[in-house]
Amino acid sequence: MYTAQGKIDQHALLDQYLPVVRRQALALQVRLPASVDLDDLVQAGMVGLLDALGRYNADQGASFTTYASQRIRGSMIDELRSRDWVPRSVRRNAREIDEATRRLEQQLGRPAEEREIADYLSLSLADYHQRLADTNGGHLLGFEDLIEESGEPEGGESSPKSPFDALVSNEQRARLVAAIDKLPEREKLLLGLYYQEELNLKEIGAVLGVSESRVCQLHSQAVARLRGQLASDEAQALL
């Protein structure tokens with residue numbers, strides 16, 4: 001990856017990491033509206049790769065591949081956020097689902113069934129499923145955002161987190177793990193397949209025996225439950 005003059009060969013590096021960029025783009029595209037073009041994601045990812053090349057500091061401990069993957073994905077997400085591609089009505093519906101799920105599960109002391117949430121929102125089950133499908137795109141960072149809303153870490157940061165920051169981060173993760181443990185088994189499995197095993201929607205559907213659209217619905221429902229649980233935890237902590 002170096003030229004005869006001992007400098008990093010950027011062209012060779014870009015060629016080597018193009019498959020990584022495409023994989024990241026494809027992983028995001030399956031969660032987005034059809035109007036989002038794959039080539040646009042790839043282009044944004046290449047910008048992130050170049051950014052990683054300029055910012056990478058081997059003294060931080062992470063490999064370049066790990067760091068570049070973070071910057072590639074972060075650049076794609078920044079591009080999507082800049083477009084504000086999720087309609088306000090979809091965001092509003094997502095918040096309503098989160099709140100309805102939180103209130104019902106507080107009342108019931110157990111995970112609310114889809115029919116119960118639909119009734120609470122005065123929707124038919126079919127309409128509720130459609131809202132779940134619509135809001136899935138709005139959960140672009142659903143799982144990760146539950147832990148941290150500030151995006152990917154900057155490569156130029158040389159100082160470690162303060163003990164307080166580390167404690168807060170650990171507490172947030174512990175709360176998230178506890179919230180996940182309360183999910184219905186199928187939704188818990190879905191999150192594991194999606195975020196840990198990195199299966200796509202079609203593959204998850206094959207494992208669960210449901211359609212890709214149903215996977216989207218279940219994903220949205222799981223995220224709504226998690227956000228509701230974490231909101232309840234925060235409210236309790238303030239009492």
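1. Salt bridges come to 11 in this predicted model, a bridge being a side-chain nitrogen of Lys or Arg within 4 Å of a carboxyl oxygen of Asp or Glu. Local features need pLDDT of at least 70 and side-chain atom pairs count only at pLDDT 80 or more, while totals for chains, interfaces and linings use all residues. Side-chain values use heavy atoms, without hydrogens and water, and residues are numbered from 1 along each chain as its sequence is written.

2. Glutamate 187 and arginine 225 form one of these bridges, with the closest N and O atoms 2.8 Å apart. The pair links distant parts of the chain: glutamate 187 is in helix H9 and arginine 225 in helix H11 (residues 212–238), 38 residues apart. Helices here are DSSP runs (H or I, at least four residues), numbered from the N terminus. Both glutamate 187 and arginine 225 are buried (under 20% relative accessible area; exposed is over 50%, partly exposed in between; 1.4 Å probe, protein chains only). Elsewhere, salt bridges with shared partners join Asp51, Arg55 and Arg71 into one network.

3. Helix H9 (residues 185–196) also holds a local pair, lysine 188 and glutamate 185, three residues apart, about one turn of the helix. Their closest N and O atoms are 3.3 Å apart. Lysine 188 is partly exposed at 22% relative accessibility. Glutamate 185 is exposed at 57%.

4. Glutamate 96 and arginine 131 meet in a salt bridge at 3.2 Å, N to O. Glutamate 96 lies in helix H4 and arginine 131 in helix H6, so the pair ties together parts 35 residues apart in sequence. Glutamate 96 is partly exposed at 33% relative accessibility; arginine 131 is partly exposed at 22%.

5. H4 (residues 88–108) and H6 (residues 125–136) pack at about 115°, axes 9 Å apart. Axes are lines fitted to C-alpha atoms, for helices over the stretch in contact, and angles run from 0 to 180 degrees between N-to-C directions.

6. One aromatic pair turns up in a search of the whole structure. The ring centres of tyrosine 17 and phenylalanine 64 are 5.4 Å apart and the planes stand at 85°, so the pair is edge-to-face. Rings of Phe, Tyr and Trp (its six-membered ring) pair with centres within 6.5 Å; planes under 30 degrees apart are stacked, over 60 edge-to-face, the rest tilted. Both tyrosine 17 and phenylalanine 64 are buried.

Key: Helix = DSSP H or I, 4+ residues; strand = E, 2+ residues; numbered from the N terminus.
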